[in-house]
Amino acid sequence: MRSITYGNVDFDKMFQIIKKFVGKSPEETYHIAVGTDSQNFDLTKVVLVVSIHRMGHGGIFFYDIKRVKKLNNIHEKLFYETSMSLEIAMKLSKKFQNENFNYGIGIHVDAGEGGPTSSIIPEITRWVRSYGFDCKTKPDSYAASTIADRYSK
């Protein structure tokens, strides 16, 4: 993973940074979100984001960039993006449990009611919730539709 503040970090270092960030103001409210967005070029550039938002007081985020075989079907892209988010969210959730770090994780999906993916939002939302994660779509899915989108271009 990468961070504009901390540079390149591995998964365990990212977790330690998150824990330290939350530990500075444990009385605050935090939203931890994982989101993914992608853009097609010669390949599909996929950007995965882990965001820690201290409500009303900013936050930090980490991102990873991956290039995969071009995904032309928009529904296929959305399912791929969501599977990437679920994979890291499950890994983080397990680490949170093992370390007694009691914070929930939300999945942010880059889909909205007005767009071409609106027809599969119910299916994606049920899929994410079946893993025990909260699911946000546009306009509330900032980890995917704002942060990951910015790095995917």
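Of the 153 residues of the protein, 48% count as buried. The model is a predicted one, and what follows describes that model. Its accessible surface comes to about 8100 Å², and carbon and sulfur atoms account for 47% of this area.

The overall dimensions come next. Along the principal axes, the C-alpha trace spans about 45 × 30 × 30 Å. The radius of gyration is 15 Å, which agrees with the value near 15 Å for a compact globule of 153 residues.

The protein has four helices and seven strands. Read from the N terminus, these elements follow the order β-β-α-β-β-β-α-β-α-β-α. Among contacts between residues at least 6 apart in sequence, 68% join residues at least 24 apart.

In soluble globular proteins, nonpolar side chains tend to be buried together. The largest nonpolar core here has 34 residues, of which Met-14, Val-34, Val-50, Ile-52 and Phe-62 touch the most other members. At least two residues of this core come from each of helix 1 (11-24), strand 3 (30-40), strand 4 (44-54), strand 5 (59-68), helix 2 (74-98), strand 6 (105-108) and helix 3 (121-130). Helix 1 supplies the largest share, seven residues.

Not counting residues up to four places away in sequence, Phe-62 touches Met-1, Arg-2, Ser-3, Tyr-6, Val-9, Met-14, Ile-17, Ile-18, Leu-48, Val-49, Val-50 and Ile-52. A second, separate core has 10 residues, including Val-47, Val-49, Ile-147 and Tyr-151.

Ser-51 is located in strand 4. Its relative accessibility is 4%, and because buried means under 20%, Ser-51 counts as buried. Leaving aside neighbours within four places in sequence, Ser-51 is in contact with His-31, Ile-32, Ala-33, Ile-60, Phe-61, Tyr-142, Ala-143 and Ile-147. One of these, Ile-147, is among the residues of the second core.

Charged side chains complete the picture. The protein has 21 positive and 17 negative side chains. The centres of these two sets lie 4 Å apart.

Terms used. Residues are numbered from 1 along each chain as its sequence is written. This is a predicted model: local features need pLDDT of at least 70, side-chain atom pairs count only at pLDDT 80 or more; totals for chains, interfaces and linings use all residues. Side-chain values use heavy atoms; hydrogens and water are left out. A nonpolar core is a set of buried Ala, Val, Leu, Ile, Met, Phe, Trp, Tyr and Cys residues joined through side-chain atoms within 4.5 Å. Buried means under 20% relative accessible area, exposed over 50%, partly exposed in between (1.4 Å probe, protein chains only). Contact means heavy atoms within 4.5 Å. The radius of gyration is taken over C-alpha atoms; the globule rule is 2.2 Å times the number of residues to the power 0.38. Accessible areas come from the Shrake-Rupley method with a 1.4 Å probe; for residues, only the protein chains shown count as cover. Lys and Arg count as positive and Asp and Glu as negative; His and the chain ends are not counted. The place of a charge is taken as NZ of Lys, CZ of Arg, CG of Asp or CD of Glu.
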